[in-house]
Amino acid sequence: MGVESVERERESSEGTIPAEFIRSENEQPGITTVHGKVLEVPTIDFSDPDEEKLIVQITEASSNWGMYQIVNHDIPSEVISKLQAVGKEFFELPQEEKEAYAKPPDSGSIEGYGTKLFKEISEGDITKKGWVDNLFNKIWPPSVINYQFWPKNPPSYREANEEYAKHMHKVVEKLFRLLSLGLGLEGQELKKAAGGDNLEYLLKINYYPPCPRPDLALGVVAHTDMSTVTILVPNDVQGLQACKDGRWYDVKYIPNALVIHIGDQMEIMSNGKYKSVLHRTTVNKDKTRISWPVFLEPPADHVVGPHPQLVNAVNQPKYKTKKYGDYVYCKINKLPQ
Ligand code: OGA
Ligand code: NI
């Protein structure tokens, strides 16, 4: 049994798409996107020596938007280009080669090649699908890496991904420090609360082939990330949209920027001060879009809740404290938290 593949669907279509990709009218990007207005989420210069200013910028962006772009982050552009080149090469392999890395059915593991994560709501007999294939690999810490899910082709896949993970540490440390200070906590507190050095980096590659009806389909449907923070690099094809005040806007592509998403666990740890951002992706008629989000996740058995120093008799906890694995289980299966 092969993995379902959007790539394969595309080959059989001519100006039409199968019904399971057609979104309902309240989701169709052709109808629901605010046109002619690209959303200017904040852009933050990470190399600014004025830490007080950076804290204010990060705190405001995390509270008001939940999404922002970081420039001058010190990850060399060659490291990002290599990550992108090897990922693209993998997805351009013949279908059979990709399926050698298929997520084992019922493994309970997220890692591997596939197309579906969320059980989407069925409408009648039709289960809706996103126009996207993906590959998940844990890339940090070394103790959680499962190389069986890492492509052996192209041969430099491993090196390129390890190099990216290595360069990501400094960004993660600095971002968590600024986010902590912005809440009035000591610099190391949020990282500690998220699992400390056991914080896991889960890389996902989203591969969105050209779609004959980009007005009707979506890539990834509207969601907030479950992670603490997600750090994403896209290729240069427009597709990421963020929801602001109930409306959908394209997020401007900035070469070499890291797109930061505040995820659910960060909203929880901050007791609601930082907001996880509602976002989705659209697809393109002629071009392939690819994106590389890294989800910074606590280990599954790590307990996450509002930070104890942020709650008291006046500021009651707004979220439950629970194991991250239980949070994920409830979210994927659409159960109440
Ligand atoms: C995701 C996601 C955005 C993108 O995979 O969670 O939101 O730009 N991707 O591909
Ligand atoms: Ni996302």
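**Close-up views of a predicted model**

At 57% relative accessibility, D74 counts as exposed (exposed is over 50% relative accessible area, buried under 20% and partly exposed in between, with a 1.4 Å probe and protein chains only). Before we tour the views, please note that this is a predicted model, in which local features need pLDDT of at least 70, side-chain atom pairs count only at pLDDT 80 or more, and totals for chains, interfaces and linings use all residues. Residues are numbered from 1 along each chain as its sequence is written, chains are lettered from A and ligands numbered from 1 in the order in which they are written, and side-chain values use heavy atoms, with hydrogens and water left out.

View 1. D74 is not a glycine, yet its phi is positive, about 80 degrees. D74 sits in the loop between β3 (67-71) and α4 (77-91) (strands, E, at least two residues, and helices, H or I, at least four, are DSSP runs numbered from the N terminus). N256, also a residue other than glycine, has a positive phi near 70 degrees. Its place is the loop between β11 (247-251) and β12 (258-262), and at 40% relative accessibility N256 counts as partly exposed.

**View 2. The nickel ion (ligand 2) and its protein donors.** H223 (NE2), D225 (OD) and H279 (NE2) lie 2.1 Å from the nickel ion (donors are N, O and S atoms within 2.8 Å of the metal, or 3.2 Å for Na, K and Ca; water is not among the atoms, so sites may look incomplete). Along the chain, the donors follow the spacing H-x1-D-x53-H. H223 belongs to the loop between β8 (200-208) and β9 (229-234) and H279 to strand β13 (residues 279-281), so this pair ties together parts 56 residues apart in sequence. Both H223 and H279 are buried.

View 3. On its own, ligand 1 has 290 Å² of accessible area, and the protein covers 98% of that (Shrake-Rupley method, 1.4 Å probe).

View 4. The bond from W140 to P141 is cis, with omega near -5 degrees. N153 and P154 are likewise joined by a cis peptide bond, with omega about 0 degrees. P141 lies in the loop between β7 (133-140) and α6 (157-182), and P154 is found in the loop between β7 and α6.
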